[in-house]
Amino acid sequence: MNFIRQRIKIIDGYIIGKYLGTFVYTLVIFVVIIVIFDLSEKLDDFLENNMSIWQTISQYYAGSIPFYVNMLSPLINFIAVIFFTAKMADQTEIVPILSGGVSFNRFLRPYFISAFIIFSLNLLSNLYVLPYTNRIKNKFENEVVNKNDPYIKTNIHMKVDSNTYIFIDNFDNKTNIGYRFSLDKFKGDVLKKKLMAEQITWDSVKRTWKLSSYTIRNIDGLKETMVYAFNKQKDTVLDMRPNDFSAYQNVFESMSNKELSDKIKKERIRGSGIMSDLLFEQYKRWLQPLSAFVLTLIGVALSSRKVRGGVGLPLGIGIILSFAYIVLTQFAKMFSTKGGLPPLAATILPTLFFGLLGLYLLRKAPK
């Protein structure tokens, strides 16, 4: 009995080593290939900005490589499971394990231990690493690669708090300067204060907004007072930041978890139309790593049977299914941010659908 248990532990270690080893090896190969193609595409941008090798690495690839690793992780996870499991089946290694009294569910244990390791790393990366590395990548793309894209947002209407509304005619995301600014403060339905300024500038040192050439109209019933301050400046504290007016589409994925949560709380008050994007980003960080378990289940169920043609057939099916998973994830995101699908449903539906597929394939797998 002890001999059998020892043999099972050896098999567990063998499968975990094969799983993680194949995953890391395949991931490195794919990342290297993507970096080569990415470098050839952006080489002109690097040369145009006179960037050294160290600047290229520290100002771009330090942020883009973690992004690529996270993006490719589900695909590589799936391919790795199918590749080494199909190879085990082709070399008749699985049949003796199951014939020796090991149930199929017990056979799955080392796979799910490995999937849990990948899940944990992906989750930690989504929560604590990617928001900061994405900031590096996005800064480079916005300022260098997409420098000719529009970076000015116009006609901004926003509710700052329950009683305060602001309007900015246009806001420059590169200089953090807004033009033709107005603020209306109400008490109930009654306007109590109106502030207008030709220019509003974010002071990153003081963390305040600076108004230039402003007027203030205070209303107290039938009594009104006006303050004219042309060619003068005034510092003011408002519950808003330059990224609230960002014209860039990738600003949310650069936020830390706290920044994202704070942004969601403010958006519930402001209602500026970006709630779906914010919630999708938040749910994605927590739920996307679950794909490690789902794709592992499908991979084992597909490739544990010995078939003619060896590894090629299950590997081909696996690649098709993994791309189908990525496409379905992107469609869900599009329907969430543009089509009204609830963000939580959009985040969980691809994983749920493929999870049910995995359970079905598991029932059909050889026992």
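Predicted model: local features only at pLDDT ≥ 70, side-chain atom pairs only at ≥ 80, totals over all residues.
Biologist: Are helix 2 and helix 7 roughly parallel or roughly antiparallel to each other?

Modeller: The axes of helix 2, residues 53–90, and helix 7, residues 291–303, come within 8 Å and cross at roughly 25°. Angles under 35 degrees count as roughly parallel, and helix 2 and helix 7 are therefore roughly parallel to each other.

Biologist: Which relative direction, roughly parallel or roughly antiparallel, do helix 2 and helix 8 have?

Modeller: Helix 2 and helix 8 pack with their axes 9 Å apart, and the angle is about 165°. Because angles over 145 degrees count as roughly antiparallel, helix 2 and helix 8 are roughly antiparallel.

Biologist: Which residues of helix 2 make the contact with helix 8?

Modeller: The crossing of helix 2 and helix 8 is right-handed. Helix 8 brings P314, L315, G318, I319, L321, S322, F323, Y325 and I326 to this contact, and from helix 2 come P74, L75, F78, I79, I82, F83 and A86.

Biologist: How do helix 8 and helix 9 run, roughly parallel or roughly antiparallel to each other?

Modeller: The axes of helix 8, residues 312–339, and helix 9, residues 343–364, come within 8 Å, and they cross at roughly 155° in the N-to-C sense. That angle lies in the range over 145 degrees, and helix 8 and helix 9 are therefore roughly antiparallel to each other.

Biologist: How many nonpolar residues does the contact of helix 8 with helix 9 have?

Modeller: In this right-handed crossing, L321, A324, Y325, L328, T329, A332 and S336 of helix 8 meet P343, A346, P350, T351, F353, F354 and L357 of helix 9. Sorted by class, the contact of helix 8 with helix 9 has no charged residues and three polar ones, and the nonpolar residues number eleven.

Biologist: Which helix gives the largest share of the lining of the largest pocket?

Modeller: The largest pocket holds about 960 Å³ of space, and of the 28 residues that line it, the closest to its centre are R135, P242, N243, S246 and V251. Helix 4, residues 104–145, and helix 5, residues 257–270, each supply at least two residues of the lining. The largest share, six residues, comes from helix 5.

Biologist: What is the phi of N231, which is not a glycine?

Modeller: Most residues other than glycine have a negative phi. N155, in strand 1, residues 152–161, has a positive phi of about 50° although it is not a glycine. N231 is found in strand 6, residues 223–236, and its phi is also positive, at about 60°.

Conventions
Residues numbered from 1 in each chain as written. Heavy atoms only, no water. Axes fitted to C-alpha atoms, helices over the stretch in contact; angles between N-to-C directions. Helix = DSSP H or I, 4+ residues; strand = E, 2+ residues; numbered from the N terminus. Parallel < 35°, antiparallel > 145°, perpendicular 65-115°, else oblique. 1 Å grid on protein atoms, 1.4 Å probe; cavity = no way out; pocket = protein on both sides within 12 Å on 5 of 7 lines; lining within 4 Å. Points joined across faces, edges and corners; volume = space filled by probe spheres on them. Left-handed = near helix turned anticlockwise from the far one by under 90°. Contact = heavy atoms within 4.5 Å. Nonpolar A, V, L, I, M, F, W, Y, C, P; charged D, E, K, R; others polar.
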